[in-house]
Amino acid sequence: MAARTVRLWAAGTTASALLAVGLVAAGSTAGAETSKPRPTVAVTAAPSPSPSTAQVRYGQTTLYTTDVNKLLNFYRDALGFDVLFRLPETGPALFGTVRLGPDYYITMTTYDNVKQATGMTNVGRTRVHQSEIVVLTPDVDALFARAKRAGARVLMAPKDQPWGERSAYVADPEGNFIQISTHTES
């Protein structure tokens, strides 16, 4: 059983990488005013990256959804992420990327896109969630209120935790859990 789990994890990781590469390579540039696709090396200081000015991205979370546009807008409006990329640039998006600060990236794609790109037929929405996205902020209460105004489903109002953090939980439109947190002790 453990070997099967490892094989499925490896296949999923490989498929995600291939999906991201395939979508960026197949991207359309017609129409809207949005950012161009971000490479795995993000420029931090100069227009053309060199080893001394580039920051390598070692990973990112990818969320599956039925509506990429809705999820991109939610992370922008509720949590302050910047929308960096959406494919295609107009109409229903199949893929998108948001960023918070200089190096926290989340990509989004449709379930159908994952199924088509990977051949995995068991990809779909579920009511069981066993992971979360954590957004660190200096003011949990303010970001929680913003998320709630933007339509986040409240799972837990802000409260102080015994391990020295203040945290809250909300869910995005697809049902993914988001912990909003800050350290309250030094």
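Predicted model: local features only at pLDDT ≥ 70, side-chain atom pairs only at ≥ 80, totals over all residues.
Residues are numbered from 1 along each chain as its sequence is written, and side-chain values use heavy atoms, with hydrogens and water left out.

**Overall make-up**

- The protein contains 4 helices and 10 strands; helices (H or I, at least four residues) and strands (E, at least two) are DSSP runs, numbered from the N terminus.
- Along the sequence the pattern reads α-β-β-β-α-β-β-β-α-β-α-β-β-β.
- Of the 186 residues in the protein, 34% are buried; buried means under 20% relative accessible area, exposed over 50%, and partly exposed in between, with a 1.4 Å probe and protein chains only.
- Among contacts between residues at least 6 apart in sequence, 52% join residues at least 24 apart; a contact is a pair of heavy atoms within 4.5 Å.

**Sheet 7-10-9-8**

- An open sheet of 4 strands has the order 7-10-9-8, with mixed pairing; two strands pair if DSSP finds at least two bridges between them.
- Its edge strands are strand 7 (132–136) and strand 8 (153–160), each of which pairs on one side only.
- Neighbouring strands of this sheet are turned against each other by 15° on average, direction ignored; axes are lines fitted to C-alpha atoms, for helices over the stretch in contact, and angles run from 0 to 180 degrees between N-to-C directions.
- Helix 2 (residues 68–79) packs on this sheet and touches strand 7, strand 9 (165–171) and strand 10, and its direction makes about 25° with that of strand 10.
- Strand 7 runs parallel to strand 10 (residues 177–183), and 5 bridges join the two; L136 stands opposite S181 in strand 10.
- In a regular strand the side chains alternate between the two faces of the sheet.
- On strand 7, I133 and V135 form the covered face, while E132, V134 and L136 form the uncovered one.
- Strand 10 has 5 of its 7 residues buried, so it is largely enclosed by the rest of the structure.

**Hairpins in that sheet**

- Strand 9 and strand 10 run antiparallel and are joined by 7 bridges; Y169 stands opposite Q179 in strand 10.
- The hairpin of strand 9 and strand 10 has 5 residues between the strands, and G175 takes a positive phi near 100°.
- Strand 8 and strand 9 pair in the antiparallel sense over 5 bridges, with R153 opposite A171 in strand 9.
- The hairpin of strand 8 and strand 9 has 4 residues between them, and G164 in the turn has a positive phi of about 95°.

**Sheet 3-6-5-4**

- Another open sheet has 4 strands in the order 3-6-5-4, again with mixed pairing.
- Strand 3 and strand 4 (82–87) stand at the edges with a single partner strand each, so one side of each is left without a neighbour in the sheet.
- From one strand to the next, the twist averages 20°.
- Strand 3 pairs with strand 6 (residues 104–110) in the parallel sense over 5 bridges, and T109 in strand 6 is the bridge partner of Y64.
- Helix 3 (residues 111–118) lies across strand 3 and strand 6, at about 80° to strand 6.

**L94**

- L94 is in the loop between strand 4 and strand 5 (95–100).
- With a relative accessible area of 38%, L94 is partly exposed.
- Leaving aside neighbours within four places in sequence, L94 is in contact with V68, L87, P88, M108, T109, T110 and N113.

**Largest pocket**

- The largest pocket holds about 890 Å³ of space.
- Its lining has 23 residues, of which T62, Y64, V123, G124 and T126 lie nearest the centre.- A pocket is found on a 1 Å grid over the protein atoms alone, as an open set of points where a 1.4 Å probe fits, with protein on both sides within 12 Å along at least five of seven lines; lining residues have an atom within 4 Å of a point.
- Grid points are joined across faces, edges and corners, and the volume is the space filled by probe spheres set on the points.
- Strand 3 gives the largest share of the lining, 4 residues.
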